[in-house]
Structures are given as structure tokens and as C-alpha cells.
Amino acid sequence: MGFYLSIALKNVFRQKKRSFTLGINYAVVTFILVLLFAFSQGASQNITTNLVRSSAGHITISGSYTVAGRVYQGVRRYPDIAAEASAVFGKGVTVIPRYVVRSSLYYNGISKRLEFTGVDTHSDSGIQGQLRFLSGSWDAFLSADNAVVLPKDVATYFGFGLEDEVVIATRTRFGAFNTGTLKIKGIYETDNFFIQSLVLCRFPFLQTLDLAEADTASSLYLYFDDPKQLAQKRDALASALSGKGFEATKPADASAAVNAVSSASPSYEMDASGRDRIRLTLSTIDEAVGLVRTVTAAVNAIGALIALIMLFIIAISIFINLRMTINERLREIGTMRTIGVGAGGITSLFVFENVFLTLLFSLIGVAAALVVVGIFGFLVRLPFGGAVALFLDNGHLVLVPRISDIAVIVAVITGFSALFSFFPARYGGRIRPVEALTRVF
Amino acid sequence: MNRLLRRIIVPLALAAAVAVPPAFAAPTQNDPAAAKIVSGWESKLNVEGVDLSTLFTLVQKKTGETDRVLRFQTFRRDSTDMYTIIFQYPDSEKGKGYLRRGDDLYFYIPSTREFVYRNRKDNIGSTDARTDLFGRQNTLAQYFVTSAGTATVSKWECDVVRLDAKVPDVSYPVQKWYVRKSDGLPVKAENFSVSETILATFYYIDYKALGNGKFIFTKLLAVNNLEKGQQTFITNDNIAVAAIPDYTFTKAYLEEKSR
């Protein structure tokens with residue numbers, strides 16, 4: 001076998017032009033697939049990381065509560081929930097409340113509807129590291145109860161400057177309008193897609209503006225020192241909360257998880273149960289980004305389909321190429337058969353030639369893809385704005401090539417090549433020696 | 001003066017805005033004189049005893065934008081506190097509608113055939129006109145009322161009544177109504193937020209007498225005080241007091257009319 005392998009390896013380089021023409025196809029397919037898988041893996045990781053850094057926890061608790069038949073969005077008795085989480089998980093968990101209000105901002109005759117996010121500055125300082133202040137600062141934000149920091153786009157739209165005062169008007173959770181005055185303490189930019197449009201206020205300000213009770217938050221984010229086995233952790237917490245009078249459930253599907261994570265007041269619904277109750281939805285980050293994973297899986301599937309079409313074209317090339325090679329090397333086949341090489345040996349020789357060719361050029365494709373990954377990951381910085389920010393980390397496109405993905409891609413392409421070279425190779429092996437030595441093409 | 005404004009008034013105003021005063025707890029009882037004025041105008045504007053159908057046209061004006069026109073038919077039965085609103089114009093709104101039965105208000109969306117439960121003071125078609133403008137008023141059930149002196153609006157001498165919400169389920173928790181002394185009809189209503197920022201002002205420009213001492217407004221101007229230059233002009237035509245079938249005040253009727 002070793003003999004055949006060494007001959008096959010040498011034969012790869014006998015007809016360099018033909019080998020290159022066929023091999024470049026393998027390289028291109030490998031290159032595309034490695035980049036595609038790296039992109040989808042990177043997108044999935046980046047979205048998860050950015051979500052966790054901005055607007056979701058490892059477990060996000062959202063919900064609604066009923067008072068006198070009227071349903072209100074939000075998490076009631078959130079300090080009790082935080083205490084219960086600490087009781088269940090000890091010091092390994094950090095609980096952060098958020099308050100979200102969607103409202104209009106009025107300034108100099110211009111208005112715009114925005115999402116205002118209230119952060120509890122005592123416990124929720126993680127978002128600070130995501131902001132690059134163009135003017136103002138986080139410390140200035142902490143200095144006033146009615147402080148607000150805005151994304152650059154919003155500030156530009158209104159023509160805001162530091163210390164400007166703006167009116168916010170919202171329909172509260174009960175229906176009555178309320179207004180407040182915000183003071184601009186910072187203008188920022190960020191490459192985190194999920195923070196790009198957030199207008200950050202102080203938690204108590206928004207809670208009061210919305211006329212919410214002091215123990216009400218829009219949602220709670222739970223962060224674990226060890227964010228593994230989140231589903232089991234969620235089940236444990238849901239069980240503990242149910243024991244404390246909450247109706248704790250998990251989202252029915254990925255779409256429900258996304259809705260739960262992005263919920264905000266107000267909503268006007270009626271509850272026919274006839275009792276006051278607090279309903280909670282506990283979503284893990286894996287469920288919240290489940291839709292993203294579905295999308296990236298679809299992207300991968302489309303990429304794989306394109307690769308399959310390319311491979312089919314390559315299969316035809318292999319077939320034609322190998323038949324031509326066999327015809328050109330009839331004397332060689334005939335000579336080998338006369339000195340005792342069996343049909344299987346000839347078949348193996350040609351199959352091995354193609355396998356080596358595929359391996360060699362696939363690895364070249366992998367290397368080229370890794371170079372591109374390196375260039376985008378370390379050298380090329382893309383602009384932050386727009387949806388492209390979903391895929392950026394600090395301005396760099398996040399591409400995460402995994403060894404397992406690369407191994408599977410190379411193995412599949414090599415296997416494919418072996419399969420489609422087998423049939424013309426078997427034809428070559430079955431030619432009788434006398435025919436091989438006497439046929440002239 | 002500027003210094004005074006900056007150092008004292010603005011911080012006080014800010015503190016008031018941030019602290020959000022407990023508007024719902026402000027007065028705890030009605031001023032009898034004010035309650036009498038309120039009952040007086042409600043007895044004129046609430047049309048118990050007859051069914052009322054009218055065609056409203058709303059023209060919304062915004063600075064720098066072309067005027068937006070909405071037209072809808074309303075059916076109103078104050079004796080049972082019900083009304084139905086069906087949009088007729090423009091085509092994008094056609095088929096949408098509201099159904100109010102007591103405290104419950106539903107908004108019908110024909111594209112999804114859904115009834116969405118809404119706050120009973122929903123703004124119609126994103127204009128400055130609220131749905132409660134088109135139904136029976138029940139001010140004393142929702143607000144504590146107090147007298148706030150007198151004022152002249154246009155050429156009319158008016159009593160001013162301040163309304164403070166008893167419950168937060170109202171659009172404007174603080175209101176000031178200016179009521180003509182001559183006939184007891186309101187001519188102006190100022191609407192404030194919980195923190196007492198003025199949000200909208202309604203001017204009742206003209207009324208039509210329906211008989212038996214009952215009236216309905218035929219021209220109303222709603223001015224948005226937060227968005228300068230935005231206002232909605234409402235006119236009311238084809239007013240009829242013929243009996244309306246009960247079926248008109250059902251969800252099925254809205255569904256049927258949207259097809």
C-alpha cells in the first residue's frame with residue numbers, strides 16, 4: 001500500500017497544469033466554506049456576547065402582573081426575585097434590573113420616538129465599558145438623577161450639546177401621560193449593535209416617569225460566574241420562584257424568548273382569572289439567540305448548497321479529467337498489469353492521486369481562508385454604523401474558524417473526490433493488459 | 001431675571017418633573033361649585049335618550065408636512081355608554097374602527113382581524129384627537145374637580161374648573177376646563193401630564209343644538225403643545241338622531257363593515 005501511496009503522490013505533480021486546474025476548484029470550495037462557517041460561528045458568538053453585554057442576561061426574567069383584572073408589563077417584586085436568585089445560586093450570580101420606556105423626545109420643535117433604558121448605576125456598570133464618550137462622561141451621568149447619555153446619531157438628529165435639557169413625554173403603564181426633563185450628560189458611540197440606539201437614563205427616573213411601583217422593573221438580567229447549564233439553572237430558579245408565589249415559566253419557543261427579552265410597557269390587556277398574580281418568563285441567552293442560530297444555520301445551509309453545486313461541477317471535471325488521464329497512461333497501466341499489479345491496485349493508484357490532490361489544494365484553501373480571517377480580524381476596521389455592527393467587535397469583523405468545521409469540510413471534499421474518482425479509476429483498473437498495451441489514442 | 005430663572009425656577013421645575021408629583025392624590029374631594037359647573041356641561045353634552053350618528057373629518061396639520069385628512073363615522077348611545085367608530089378615509093385606514101362598551105375600548109385591525117384592547121383615551125389615527133372626545137363624558141367619576149377662578153377666552157367670560165384624576169387610567173391626569181358663563185358650554189380645555197406640563201389644548205369652536213337642551217360640538221381645534229405647529233381640526237357633519245340598531249355596537253359589526 002505504501003508503494004501505491006508514494007507513486008500516487010509523485011503522480012500528482014506529473015501533469016502540473018492539469019493538477020492545478022482541478023485542484024484550484026477544491027481550494028476555492030474549501031476557502032468559501034471555511035469562511036462561511038467562520039462567519040456564521042463568529043456572528044453567533046458576537047451577537048450572544050454583545051447581547052449579554054447590553055440588553056440580556058445569561059438568564060433574562062421578564063413578565064407581567066395583574067392588578068384588579070388589568071395586566072401590566074414588567075416584573076413586580078423584583079427585589080424578592082433577586083433575593084431568591086441569590087439564595088439559590090449564592091454569590092455566583094449578579095442580578096441587574098432594567099427599566100425600559102418607549103417614548104417621544106421633544107426639543108426645539110423636533111420630536112422623535114426613542115427607547116429609553118434605565119440602568120441601576122449601583123449594580124449595572126458593565127454597560128459603561130461599551131461606550132466611547134465623544135463628549136461628557138459616565139461620571140457626569142452619575143452626577144444627576146435626570147441625566148441622560150445618547151448615541152451620536154440621536155444627538156446629531158436633534159443638534160444636542162452637553163447640559164441641554166429636553167422634554168420626554170410618555171404614556172405611562174396606566175394610560176395617563178407623564179413628562180419629565182432630561183439633562184444631557186454624555187454623547188457616545190459604540191460598536192455594540194444592541195447599544196447603538198439606546199438612550200441611557202437612570203433607573204429610578206424612568207420608573208417614576210412610568211408611575212411604576214418602587215419594586216417594579218421591566219426586566220431582570222442574571223449573570224453567572226459560570227454560565228454553563230443555563231437551562232438547569234433556569235429550572236431551579238423557576239421552581240424556587242414558584243414556591244414564593246410567582247408564576248414562573250419558560251418561553252414556548254425561540255420567538256417567544258426574543259419577545260420576552262425585548263418586552264416593554266405599556267400594554268393594555270385584561271386578565272379574566274379574577275385574581276392578582278405575577279407571571280414571569282425566564283429565558284436563557286441560548287433561547288434568546290436561538291433565532292440567530294437558526295438564521296446562521298440557514299446561511300450555512302445555503303453556502304453548503306452552493307458548495308454542493310460546485311462539487312457536482314467538480315465531479316464532472318474529475319470524471320472527464322481522469323478518463324483523459326487513463327487514456328493517456330494506457331501503456332503505463334498495461335505495463336503495471338503485465339508485471340502483476342491487480343485491477344484493485346490500478347484503481348487505488350488513481351483514487352489516491354485524486355485524494356492527494358484534493359487534500360493538498362483543500363489545505364491551500366484552508367490556509368488562504370485563515371489568512372483572510374487574520375486580515376479582517378486584526379487589520380481591517382469597518383465603520384460601526386448600521387446593521388453591519390452586528391458582526392463587528394471593536395470594528396473588526398468577527399470570524400471564528402473552528403478546527404472541527406475545517407476538519408469536516410476537508411474530509412467531506414476529500415471523500416467526495418474519492419467517490420467520484422473511483423468509478424473512472426475502476427474503469428482504468430479493469431482494462432486488460434493486452435488491450436492497454438495495444439490500444440492507441 | 002435670567003439668573004433667578006436659572007438658579008431657582010429651573011431647578012424647582014426639574015425637581016417637580018423628576019419627582020413626579022402625586023397628582024392622583026392631590027385633592028380628595030370635589031368643590032361643590034365646580035362639580036355643579038361640570039354637571040351642567042355634561043348634562044348638555046351627554047345625549048342620553050337619543051342615538052347619535054355623525055360623520056367626523058379630521059385635518060391634521062404639521063409644520064413642513066402636507067395636511068393629513070381622516071374621516072370616520074361614529075355611532076353613539078350615551079344611555080349605555082357605548083360608541084362605534086369606523087374609519088372611511090383614507091384607504092389605508094379604511095375598515096379600522098373602535099368599539100367602546102363602558103370602560104372597555106377595543107381597536108379593530110382588519111388586516112389581522114384582531115381586536116386590541118386599548119386605553120380608553122386612545123389617540124385616533126395618531127392625531128391629537130382622543131377617542132373620549134366622541135363618547136359620553138363621566139368626569140366626576142374620574143376626576144376630583146375644583147374651581148380655579150375665572151378667565152376670558154376670546155370674547156367669553158368663563159369659569160375655570162381644574163380636574164385632578166382619581167385614577168391613573170386617563171390620558172391627561174390634570175385638566176383645566178374653561179366654561180362659558182353665558183350657556184355653560186366648554187370653550188377650551190387645557191390638558192396636562194402628571195408632572196403638570198401642558199400637553200394639549202382643545203378649543204371648542206362651535207356647537208350644534210340637538211334639542212331638549214342637548215348640544216354636540218361641530219368644530220374643534222386640538223393643539224399639540226409639545227410639538228409646535230402640530231394641530232388637528234375636527235369638523236362634524238351629517239348629524240342624525242335616528243335610532244341605531246343594537247348590532248351596530250358589537251365586534252361583529254366592525255368585522256362586517258371592514259370587508
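**View 1. Helices α2 and α13 of chain A cross at roughly 150°.** This is a predicted model, where local features need pLDDT of at least 70 and side-chain atom pairs count only at pLDDT 80 or more, while totals for chains, interfaces and linings use all residues. Residues are numbered from 1 along each chain as its sequence is written, and chains are lettered from A and ligands numbered from 1 in the order in which they are written. Helix α2(A) covers residues 16–54 and α13(A) residues 403–430, and their axes (lines fitted to C-alpha atoms over the stretch in contact) come within 10 Å. That makes the pair roughly antiparallel, the word for angles over 145 degrees between N-to-C directions, on a scale from 0 to 180.

**View 2. Here is where α2(A) meets α13(A).** From α2(A) come residues including A:Tyr26, A:Leu33 and A:Phe37, and they face a group in α13(A) that includes A:Asp405 and A:Ile409. Contact means C-beta atoms, placed from the backbone, within 7 Å. By class, it's 9 nonpolar, 1 polar and 1 charged residues; Ala, Val, Leu, Ile, Met, Phe, Trp, Tyr, Cys and Pro count as nonpolar, Asp, Glu, Lys and Arg as charged, and the others, Gly among them, as polar.

**View 3. Chain A touches chain B.** Here 23 residues of chain A contact 24 of chain B.

Methods. Two residues are in contact if their C-beta atoms, placed from the backbone, lie within 7 Å. Helices (H or I, at least four residues) and strands (E, at least two) are DSSP runs, numbered from the N terminus. Angles under 35 degrees count as roughly parallel, over 145 as roughly antiparallel, 65 to 115 as roughly perpendicular and the rest as oblique.
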